[in-house]
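Please examine the model shown below. The explanation that follows considers a pair of strands and then a helix.

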Amino acid sequence: MNLKAIFAASALLAVSAPMISAQESNRGFYKDVFMDSGIRVTSRKDLPTARSLGYSMEAFISAPADFTIIDTILQNEVFAGSAVDENGHLLYPDGAPRFRVVYMNGGRATRHGRSLGEEGRQHYRDYIKAGGSYVGTCAGAYCASTGYEEHDTLAFQQYYIRIWPGWTEDTDLSTSETDMTVPKKSPLNKYYDWGNNKTIENVYHNGGCFGSERFSWPKGTEVLARFKTTGRKDVKAIVDGKPSIWAWKENGETGRVICCGSHPEGKVTGENFYLMRAMLEYAMEGNGAPRVKAALKDGESRLMDKMTHENAPEYTRIGDKQYHHYTYDVPKGCDSLVVKLESVKGWKNFDLYLYANSGDFAFSDNAWWRDVTLGVDKTLVIKAPKKGKLYISVFCDTTVEAEQTAYGEQYKGRLEVLNGVPYKITVNPKEETPAK
């Protein structure tokens, strides 16, 4: 068979048969983990646990102490957005989460929260509401809360991102270590054994917090681990038995928030290392369910061309490595369907793929019908579709190039995808007759 024939056969397979492959690890997300090493938190450059799990990752890294106006400008672009990327790096143009998990380092919670600005803090909240998950250690745990207890009163903190509706309390421990016990019902037990005593020893602690159960413990909050200080002369007994790690997920569509008052994130071996891994894995498991943009109607073209600032997420453009999901109710006796994906003038030079599946969301690893030819314009013919709900999805394969710098990844290349690619989609209940 000559080369031209091989390419032709490959294209036919791509549009007509299911692909048997392992499930995508980051279905509908640009990458797995984003690490916040920004202003006034630890300028960590690497997260060994994420690498060990095979997760793709990016970060914003500020100067450790002597940060400049450049740090502020770049951090604002990442979290608050810019003209090139209205929603910032965490969110897609329609407000969906662009990463599966955000990890916030320890450091100075109030100062970092203030440096994010209200728009950056709001984007964090939008990210969780839309289905992205979060892990925060030490300052990252403080910053996720509503505020902290101080002298037996609750102190609301306006500069916290407030993605967990509970309160924290200072342990009054610095540059020390504590043990942690993992309760029998803790979800962390799904990932690792923790030994017969279910105790993780010598977890580094430096000015962190515990979750306060005294005044208010939000419904649905899970205690993943508790401080254990019995018999330790170097640790104050005040923290013994207090929640050291806790998690909260508001509902099926939102992401999971995990807070840890200590510092297991820097370890590269031992139970501390696996503790951080388990938190990341549980956060990943807690991503919100996929959402349907709309139910498509016979012959009605849906134009997806809005920008973020137009506040119409159901009609907003698609971002890089993102899926837009639709449904269509297939009537009884339908001989065939034609799904058309069309480019908008000036936006042909992008790669959008078209997928369809009966009864379940359509992704590249499970869709029965597909067209993954290059370009935007597609026509997908579905013969004898099964009566009931058909799931249709559009996927944007065009993405940016991430260049490693001292500040973490900076984007170059196809920057226009950050504000989204417009398109038009139409479903017709019968195959169209070509014009003569």
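Strand β12 (residues 243-249) pairs with β13 in the antiparallel sense over five bridges, where pairing requires at least two bridges found by DSSP between two strands. Helices (H or I, at least four residues) and strands (E, at least two) are DSSP runs numbered from the N terminus. The model is predicted: local features need pLDDT of at least 70, side-chain atom pairs count only at pLDDT 80 or more, and totals for chains, interfaces and linings use all residues. Residues are numbered from 1 along each chain as its sequence is written, and side-chain values use heavy atoms, with hydrogens and water left out.

Six residues lie between β12 and β13, and the two strands form a hairpin. Isoleucine 245 has cysteine 260 as its bridge partner in β13. Strand β4 (residues 133-137) runs parallel to β13 and is joined to it by four bridges; here glycine 136 stands opposite cysteine 259.

Both faces of β13 are covered: Arg256, Ile258 and Cys260 are buried on one side, and Val257 and Cys259 on the other. Buried denotes under 20% relative accessible area, exposed over 50%, and partly exposed in between (1.4 Å probe, protein chains only).

In helix α3 (residues 69-79), the buried residues are Asp71, Leu74, Gln75, Val78 and Phe79. Viewed down the axis of α3, these fall within an arc of 120 degrees, so they line one face of the helix; the arc is that of the directions from the helix axis to the C-beta atoms. Isoleucine 69, also in helix α3, is exposed, with a relative accessible area of 57%. Just after α3, glycine 81 takes a positive phi of about 110 degrees.
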